[in-house]
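Q: I'd like to learn how to read a contact between two chains. Can you walk me through it?

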Amino acid sequence: MSKYQPFRFKKLPISFLLDVKALIIFAILSTITLIVMILSIGMGEMNIHPLDVIRALFGAGEKMHTVVIQTFRVPRIIIGFIVGASLAISGAIMQGVIRNPLASPDIIGITAGAGAAVVTFLTVFLDVKDNSLTVSMGWLPVVAFIGATVMALLIYGLAWNKGVSPIRLVLVGVGLDAAMHAVITVMMIFGPLILATQEKIWLTGSVYGSTWENVWTLLPWFCFFLPFIFVIARNLNIQELGDDLSKGAGTAVQRQRLILMLVSTALAGGAVAFAGGIGFVGLLAPHLARQLVGSAFGALLPVSGLIGGLIVLLADLIARTALSPLDIPAGVFTASIGAPYFIYLLYKNRNM
Amino acid sequence: MTFLFSTRILKIIGILIGVFLLIFSGISSILFGLTDISWEMVLHAYTNFDGSNEQLIIKTSRVPRMLVAIAVGVSSAIAGALMQALSRNPLAAPDIFGLNAGASFFIVFSVAFLGTSSLSSFIWIAFLGAGISALAIYLLGSVGRNGLTPMKLTLAGASIAALFSSLTKGILTLNEKALDEVLFWLAGSVEGRKLEMLFPVLPFMIFAWLASFFMAKQVNTLAMGEDVAKGLGQRTIWVKTITWMLIVLLAGSSVAVAGPIGFIGIVIPHIARAMVGIDHRWIIPYCAILGAILLLLADIGARFVIMPKEVPVGVMTALVGTPFFIYIARKGFSKS
């Protein structure tokens, strides 16, 4: 009895395999995510009953509730979820391409590249007289995104030597990551202290102050890449077998590797642009997903995405409410949410 | 795969060049800095001490600092090499596997909640922290039927690292006073370390250096894979346990003295491998020498970048080491 259920259509030239167990897990996780979202919308400085939340979402609640929920909480929740999902999928793709369980956008330097760009931007455009920026803060996501992309291209370019091998990719990435962290530290030492605090929050990662405008920028970007992951899942499965086998199976290894890296960077870059350097989601979420649904990427990518989104939602919820009115960056808690559960799963699946 | 020193003679010559460079950078580390110091002053400081400023600087700052840099450089590089062999993962290093994160967490915890503040008590707390997280990783990595497998070790290390650094960040966000006190420690530095801080851990370090060297042959066998090693008659569980204990001693003592200095542990073993191939009997001595040289040079650089202030030495190791490392990564692995 296979764990896959094949689907064929008489009229359409399409068929696919459906992993039933993964589908059930996906459904359960989606439900949990939805519940956490509604609870999270209701909690904060002003506590709102979940039923009122649902009413307010459909515009039928009290005016006060509707304003708080629709202008402040909902965008923040949506951004949090997308950011987590993007980072997790990006990490899962990277772990497949590089064939290393430690690979993730923050370890091979993509997050650090964005960080270095942001810190440099803030230092260069700071008006020393009144501690304000000489250009609009709205450029920050653009700068972060450019930083991440340039970094990814640099890693790819430097690792190129008649093709890109996973080991060179990861080693060049680690080297550049260290260099970028050095740049960040030097900039922070040179710049004024007030800037260092701001930069620290950005580097830790936070979804504080997300607006609808952010949502409307990030959501289409994320949705544009979403269908890709179902197409590239097959390529990833083959890439994981190693260069020789996948070449033997008839794939254009180098071209697919480039495409996979681009998708991964695009997702990570978008996430970093709006939430800063939220760490560990890209590393842990794919492993959590692997413990739940196995390592075939067709199921792994969507489940990682859900888990990543859930981790950031929970982390942000704790960060907002634990020490209210203090609003702690969500990046502080991402690992304390994900890691214990991961350790538990590791222990539970110890004989696999 | 090609490497720089392919014959035995060349490898020995390489070691000699390395030792020469090490002595050279050690001496430079005493002589150069904010206060310029001459040869004679160094000799006089130890033959006829007159209590002048320069002599005090030599005795209380420069020489201890050089020795700490050497000891920490050697230890972190060897720890990295052993870790990469044990986990069969080229990314393994004390900072990625949670030992540094464990040490940092214990330091931050004790500063925030127990009111510790002296550097000398930090040593044992950091050592304890690294030891506890190492134990946790080892236990978590070896539960289950197959014992300690590289994959489980890697995953356990990554998750413990994530957990501890997250908890550290949490405490630091909530307690700004603690942040102020430990920030200089968390950056990792060999500046301001006294000989009295090095001496308590030095025996552990030296023991672990020698032991790693004698374990090298076993590590070679283990690196071929669990099944092969067992087939050759090795008791893999013992080799793995002893290697892990050596890693704890090396990484624990260096983080105890100098704070979490990253980069060396991950990068130096790759450079050493590009030079001498995959035999750990050569990798370990090369790691030792290269690690010490890199940390000494980085420490000298750290004094000059923003005179009279200093940048954290971890920043300099990255800036000095990265171009070289990327060159090695491009050249050294093109044929593997």
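Q: How much area is buried between chain B and chain A, and what share do carbon and sulfur atoms give?

A: Buried area is the accessible area (1.4 Å probe) that two parts lose on being put together, summed over both. Here that comes to about 3,800 Å², with 79% from carbon and sulfur atoms. On chain B's side, Leu91(B), Leu155(B) and Arg330(B) supply 15% of the area that chain B buries against chain A, more than any other three residues. A caution: this is a predicted model, where local features need pLDDT of at least 70, side-chain atom pairs count only at pLDDT 80 or more, and totals for chains, interfaces and linings use all residues. Residues are numbered from 1 along each chain as its sequence is written, chains are lettered from A in the order in which they are written, and side-chain values use heavy atoms, leaving out hydrogens and water.

Q: How many residues does the contact take from each chain?

A: Contact means heavy atoms within 4.5 Å. Chain B brings 43 residues and chain A brings 45 residues.

Q: How many salt bridges are there between chain B and chain A?

A: Look for a side-chain nitrogen of Lys or Arg within 4 Å of a carboxyl oxygen of Asp or Glu. Between these chains the count is zero.

Q: Which helix of chain B gives the most to the side that touches chain A?

A: Helices are DSSP runs (H or I, at least four residues), numbered from the N terminus. The answer is α6(B), with 17 residues; α6 (150–174), α12 (264–276) and α14 (313–332) of chain B each supply at least two.
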